[in-house]
Amino acid sequence: MDATIKAVVEAIHASPTQAVLFISGGASQALGWLLSVPRASRTVLEARVPYSKMSMLHLLHKVPSQYVNSEVADEVALAAYNHALTLSRCHIAARTQSCILKYDLVLSKGWRDRFGEENVTSRLLIKAVSDICGITMTVPLDLDEIHDTLHASRSDFTEDEQLDQLVNGETCMISYSGKQSPIKGRRFILSGSFNPLHEGHLKLLDAACSVAECVPCFEMSAINADKPPLTVNEIKKRVGQFTERGKTIIVTNQPFFYKKAELLADSSFVIGIDTAIRLIDPKYYEGSHAKMLEVLMGIQKLGCDFIVAGRKVAECYQTLEDVQIPAQLRPMFKAIPKEDFRADISSTELRQKPGWKLGML
């Protein structure tokens, strides 16, 4: 399909027209062109290829004198038009982390008025939402067994498929819920690579949560700005460190805080002072102080802030008091008191120890 044909097909799909296509013999490639361009379902109600004599007989309800002439083409077009008038379709898909539910409904045109069709499709949408919520109550759809057709299907995704979808950018995050008792409050998130998870990580999040009632969770990005994406097996190994301890971890595909904030709005990110220093350093924003302010204030508008713990930086222990935070950003940064938390251990140091293995504390 050349660029001109593709542009025309895109314009067709952008128009409000819907069509039933009956193709016998020639021009069958056009159907492939129509279906290969996104949003084809907006245009094509149905497509048939009545190629044999018997198929044409069923379509026209007679045996044409000739199968290839303008008169037969007119009759086929009329049959397609009349068939299109009888069809009214509704397609609903409901997606969760682990599955997708699909509902394809065909209503006979003229059997109900517009209000009646709206009532049926609205009921079907309520059913889809209730199914995805695991509600077992029956939603009466008021379908007619003769005139209406409903096809429902469910596809479940394995953990590996879910993680593949995440790494490939089809989904944006996967949550592994821990066994903690339900806690109300703001979400406090500790992000990291957790290679491995160690005692310092656990104590840091505990210390952050001691200053306010919160929902504690960890976050790990499968995508790294400077390295290849994590493999599915590697993600599962690192996630296992949390699930075996009953901790909640969210796996995203966003390595930058401004993107994490878009996914996890109204959250507090728990970070070390070294990360805070990098966050306000213009060199990470193409050398622009103004861009740094713009990005961080964008995070603030999403309801996010930072809870900062002290740690060694260049062999010197530093806290938030040692860093010059721009005045506009100071409300975004809150310190964990030194007496509440101090841990100089790092994942890098652990990996360098003899006998290190993933998950060791």
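F194 and F242 are both buried, where buried means under 20% relative accessible area with a 1.4 Å probe and protein chains only. This is a predicted model, in which local features need pLDDT of at least 70, side-chain atom pairs count only at pLDDT 80 or more, and totals for chains, interfaces and linings use all residues. Residues are numbered from 1 along each chain as its sequence is written, and side-chain values use heavy atoms, leaving out hydrogens and water.

Let's look at the rings. The structure holds 8 aromatic pairs; rings of Phe, Tyr and Trp (its six-membered ring) pair if their centres lie within 6.5 Å, and planes under 30 degrees apart count as stacked, over 60 as edge-to-face and the rest as tilted. The F194 and F242 rings have centres 5.0 Å apart and planes at 80°, so this pair is edge-to-face. Because F194 lies in the loop between β7 (186-191) and α7 (199-209) while F242 lies in helix α8 (residues 232-243), the pair ties together parts 48 residues apart in sequence. Helices (H or I, at least four residues) and strands (E, at least two) are DSSP runs, numbered from the N terminus.

Another edge-to-face pair is F257 with F269, 5.4 Å centre to centre and 75° between the planes. Both residues are buried, and together with F306 and F333 they form one aromatic cluster.

Now for the core. Among the 30 residues of the largest nonpolar core, F188, F218, M220, I235, V251, V270 and I336 touch the most other members. Such a core is a set of buried Ala, Val, Leu, Ile, Met, Phe, Trp, Tyr and Cys residues joined through side-chain atoms within 4.5 Å. Helix α7 gives the most to this core, with 6 residues.

Note on methods:
Buried < 20%, exposed > 50% of the residue type's maximum accessible area, 1.4 Å probe, protein only.
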